[in-house]
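Here are my notes on the pockets and the ligand site. Please read them beside the model.

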Amino acid sequence: MRSAKDFFRPLAVGAPTPPTEIPARPSRAIHFFDPSNPKMAAKVPDMVGSVDVLLGNLEDAVKADNKVAAREGLVEIGQNTEGLGGPEAQTQLWTRINALDSPWALDDLTTLIPAIGHTLDVVMVPKVQGAEDIHYVDRLLAQLEAKAGLDRPILVHAILETARGVANIEEICGASPRMQGLSLGPADLAADRRMKTTRVGGGHPGYLVRQDPASSSEADINASRSVFQQDLWHYTIARMVDACAMHGIYPYYGPFGDIADVVACEDQFRNAFLLGCVGTWSLHPKQIAIAKKVFSPSVEDVAHARRVVAAMSALGGDGTGAVMLDGKMEDDASLKQCLVMVELAERLAATDPELAELYAAAEEG
Ligand SMILES: CC(=O)SCCNC(=O)CCNC(=O)[C@H](O)C(C)(C)COP(=O)(O)OP(=O)(O)OC[C@H]1O[C@@H](n2cnc3c(N)ncnc32)[C@H](O)[C@@H]1OP(=O)(O)O
Ligand SMILES: CC(=O)C(=O)O
Ligand SMILES: [Mg+2]
């Protein structure tokens, strides 16, 4: 066990000091691309500025024969794409490295950090099982940062995609000051848990509850009854949100594999947003707009939140007391909920002029 005093000391001589806080940078859509795919790579420069995070994926969905090309393609993109990555950039640069037990993970890190460590914001680590995986990456990153002379620590994001990873969720989140957040890995997680869904994220029509029958007669039992589909991922997302909030880091949904079903995609993303996630993955360009819409508070919610803040301020501004607004009671707790909404809106509007305009118009109206 490390002493609390050592936690914020660099893990290698000359490495940057670990962060004491993880910045809340906009990351509504983490857009995945395969850097070895020329068509996808060619689209990256035009996406800078219009998506919060571009992630060069090196793991699953990249063919084994293309692993080296993907790594090299990402180096080329990280070195030559204007405005991409680094602390001031509007579009962050992330990567998903290969699994730690694969033949590629070590070369991923030892290639990327010296070559593009200055623009790489976050390393996403797949199939994280426990704190030991984060400790390994933490030390290796410190050594590589020191060698490369970097002055800013690269952050780490873990994908939860095994039952052991979910069981160890709190220790994973607290394993390093570099921990930036968690994503759900519903496909690998379903396989590891022996769940019986073959989908990549999203719901399942068989996971439902059914309205009671009108009576216990055979006719009523067999009669048509309303069914309500349940969310397969509710339990895991809820655990992620609590673990991340406890450690001051950020929870994300993950992939929604039915690219054509933009409606269900939006619903699934919204469930995650309402529960506390700050963003999600986008696998196809058309999912970026969905993620940006869902993970930006609606104009109506922001307008309402501002009214509650104003009403509570008029009461004295220290949060005590209660007011009635539109027939509903508001007090310190609902004020805090509204501040979450207003602060998020302000943070997003600072980098998204379209949103800024919408929120401003709502304030004037
Ligand atoms: C479970 C997990 O691990 S999820 C994470 C791993 N998976 C991924 O990262 C998948 C990333 N996405 C993809 O591979 C692709 O989007 C696919 C395979 C799902 C669909 O690809 P396509 O069949 O080519 O889609 P489509 O024909 O609609 O593409 C339209 C255009 O957008 C491009 N495009 C598709 N996906 C992307 C992307 N993620 N980023 C940039 N461009 C893209 C295509 O190359 C194509 O370009 P073109 O117009 O120049 O020909
Ligand atoms: C996201 C991912 O890697 C999975 O669902 O397996
Ligand atoms: Mg996976």
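1. The lining of the second largest pocket comprises 10 nonpolar, two polar and seven charged residues (nonpolar: Ala, Val, Leu, Ile, Met, Phe, Trp, Tyr, Cys and Pro; charged: Asp, Glu, Lys and Arg; polar: the others, Gly among them). In this predicted model local features need pLDDT of at least 70 and side-chain atom pairs count only at pLDDT 80 or more, while totals for chains, interfaces and linings use all residues. Residues are numbered from 1 along each chain as its sequence is written, chains are lettered from A and ligands numbered from 1 in the order in which they are written, and side-chain values use heavy atoms, with hydrogens and water left out.

2. That pocket is lined by 19 residues, and N57, D60, A61, R96 and L283 lie nearest its centre. A pocket here is an open set of points, on a 1 Å grid over the protein atoms alone, where a 1.4 Å probe fits, with protein on both sides within 12 Å along at least five of seven lines; lining residues have an atom within 4 Å of a point. The second largest pocket holds about 350 Å³ of space, a volume being the space filled by probe spheres set on points joined across faces, edges and corners.

3. Strand 1 (29-33) and helix 7 (186-193) each give at least two residues to the lining of the second largest pocket. Helix 7 contributes the most, three residues. Helices (H or I, at least four residues) and strands (E, at least two) are DSSP runs numbered from the N terminus.

4. Around ligand 1 there are 16 residues, with H31, F32, K43, L283 and H284 the closest; a residue counts if one of its heavy atoms lies within 4 Å. Strand 1 and helix 1 (38-47) each supply at least two residues of this shell. By class the shell has nine nonpolar, three polar and four charged residues.

5. Which atoms of F32 and L283 lie close to nitrogen atoms of ligand 1? For F32 a backbone N or O atom lies 2.7 Å from a nitrogen atom of the ligand, and for L283 a backbone N or O atom lies 2.8 Å from one. A polar side-chain atom of K43 is 2.7 Å from an oxygen atom of ligand 1. The protein covers 60% of the 950 Å² of accessible area that ligand 1 has on its own (Shrake-Rupley method, 1.4 Å probe).

6. The largest pocket contains about 1000 Å³ of space. Its lining has 45 residues, F273, F295, S296, P297 and L344 being the closest to its centre. Helix 13 provides the largest share, nine residues.

Notes
A polar contact is a pair of N or O atoms within 3.5 Å; within protein, one must be able to donate a hydrogen and the other to accept it, and residues adjacent in sequence count only if both atoms are side-chain atoms.
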